[in-house]
Each structure stands twice: as C-alpha cells, then as structure tokens.
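Please look at the sequence and the structure before reading on.

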Amino acid sequence: MITTLHPNAAPEMQAILVVSFGTSYAETRAKTIDATETRIAEAYPGYDIRRAFTSKMIIKVLRDRDGMMVDTPEEALKKLYEEGYSKVIVQPLHIINGSEYHDTLVVCEKYRRGFSQFSVGTALLNSTEDYRQVCEIFMKHSPSLNPGEALLLMGHGSVHSANAAYPALDYTFKQLGYADVHVGTVEGYPELPEVMALMAPKQYRKIYLMPLMLVAGDHAQNDMASDEEDSWKTLLEAEGYAAEPILIGMGEMPEIQDLYVTHLDQAMARLAGVND
Ligand code: CO
C-alpha cells in the first residue's frame, strides 16, 4: 500500500491509464483497443496515455510469441508513481463492472494515495443511459433486420453478480422496440440454449451474430463464428437457422469509443470535485 506522494512527484505530470482485458489477436487489437486509446488521446491532449491488460495469460502470450511487453494494472500504476506523475485517471474498457473491473479497483486502492489527484472510470454498461446508448449504437452497426431475421449478441458472461447486465441489456433492446435483438453469453447467463428456447416461437429464418465484446478475439472468432462443432454458428445451423457472423469488436465502433470518453469525462469530473 502506497501512502504518500513520490519524492519526484511533479504537478504537471498527468496520465490516463487505459485498462482492458487484452487480446493476442493483433488485427482486432489494432482496430479496437489501439483505436480507443487513440480516441482518448485525441480527447485529452495534455495527458500521457498508458496501457495495461488485466489478462496475465494474454500478457504472457504477447511477450513469448511477439516480444510485445504490456503491463498489468499494478505494474503500470507502479511505474506512473515512480516516474513522478501526480494526476492519474484510470479508464477501464471492460463491458460490465464485473470481476475484472473490481480486481482493477482493488489495485487502484493500493496506489490511490500515491497521487495528488486520482480517479477511476466505470465500465461501459453502468448507467441506464449507457444501456440505451449501447443498444442504439448496435442498431447503427448491424444489418437492418427483415421479417424472419434476428440479431444475437454474444456477451462474455461472468460468475460475478454484474452478469445481470446481460439480461438487462436484452430487456433494454426490447423496451426500445428492437424485439428481434437478443443477448446471450458464453460463460454466464443466459447461455445459448436458453436464448434459443426464447427465440423458438419467433420462427426466425436467419440469425446474425455479433460479439458484445470490446474485441473480436478468441471467443468471437472461435466460440461464435467458427465451424467448430460447438460454435454458436454451428449450433444455430443445426437447428435449421441460417447464421451469419459479423466479426466487429465493439471497440471498432466510434460511438463506443466516444462512450468510453464520456465515462472518462465523468471520472475527470469526480477528480475535480464537481460532484463532491
Ligand atoms: Co473467456
């Protein structure tokens, strides 16, 4: 636990630490994580932008396979502290305020008092307005649905209580009038069979699949879109649906990048004491 400012702390040194789960898929990483970091850098030109990934497994793959070094949130905060930064805002790019997000908060608590100004932004799905905006953004970036067609989003899912965000987002789509948009998860609730049971009475012909994830990485490419026997595409086709995967990570959508900037703005406002 850090309890005091570093002796080198300089008032003009300010940084934004962008934290994401990470991905070892370079192509989607450039379009999503890099692009969001660039968008944040444009919105906050006076700040140094740093990166951390929460997945130690991905950090290891990148180091061993690509010689690419990425910090954990703890390593990144330690460096910022030792380099004498005095103002630090951490903006996670997680979708829900789940276990990855809360692990990040725990690390942030260890370093909070090492900076004269410090704040942490929320994950993407935080306020009711966030849910509405995410629905509308998906409707802009997905094919317009003809009768007999549906859009099914693949969220990650979690054992954390924040998993409730996924059925809440499904509800929000319906409440906004998008009756044929459905949300499922790979590792949480609802899973594909549960969503399929709810879709069955609608007798869809065709189902578009999109990841409800920052990146179109391992889960999107393998568990959602591949021809493997247990992919969502394969399982839907086995039930007689035409299935068309769309491999766009949410981080590619400019409006999602802007929503993260909005969350960063909110974290900045807390830092400045506007909401105190
Ligand atoms: Co996973």
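Along the chain, the donors of the cobalt ion are spaced as H-x30-E-x31-H. In this predicted model, the cobalt ion is coordinated by NE2 of H156, OE of E187 and NE2 of H219, at 2.0 to 2.5 Å. H156 sits in the loop between β5 and α6, while H219 belongs to helix α8 (residues 218–224), so the two histidines tie together parts that are 63 residues apart in sequence.

| Residue | Relative accessible area | Class |
|---|---|---|
| H156 | 27% | partly exposed |
| H219 | 18% | buried |

The cut-off for a buried residue is under 20% relative accessible area; H219, at 18%, therefore counts as buried. H156, at 27%, is partly exposed.

The second topic is helix α5. Helix α5 spans residues 128–141, 14 residues in total. From its first C-alpha to its last it reaches 21 Å, close to the 20 Å expected at 1.5 Å a residue.

Which residues of α5 are buried? They are D130, Y131, V134, C135, I137 and F138. These residues lie on the same side of α5 because they cover an arc of only 165 degrees around the axis. The exposed residues T128 and K140 are carried on the face of α5 turned away from its buried side.

The buried residues of α5 pack against two strands, β5 (149–155) and β7 (206–212), and against two helices, α6 (165–175) and α10 (254–271). Two of these packing partners, β5 and α6, are also the elements joined by the loop that holds H156.

Note on methods:
Residues are numbered from 1 along each chain as its sequence is written. This is a predicted model: local features need pLDDT of at least 70, side-chain atom pairs count only at pLDDT 80 or more; totals for chains, interfaces and linings use all residues. Side-chain values use heavy atoms; hydrogens and water are left out. Helices (H or I, at least four residues) and strands (E, at least two) are DSSP runs, numbered from the N terminus. The expected span of a helix is 1.5 Å times one less than its number of residues. Buried means under 20% relative accessible area, exposed over 50%, partly exposed in between (1.4 Å probe, protein chains only). The arc is that of the directions from the helix axis to the C-beta atoms. Contact means heavy atoms within 4.5 Å. Donors are N, O and S atoms within 2.8 Å of the metal (3.2 Å for Na, K and Ca); water is not among the atoms, so sites may look incomplete.
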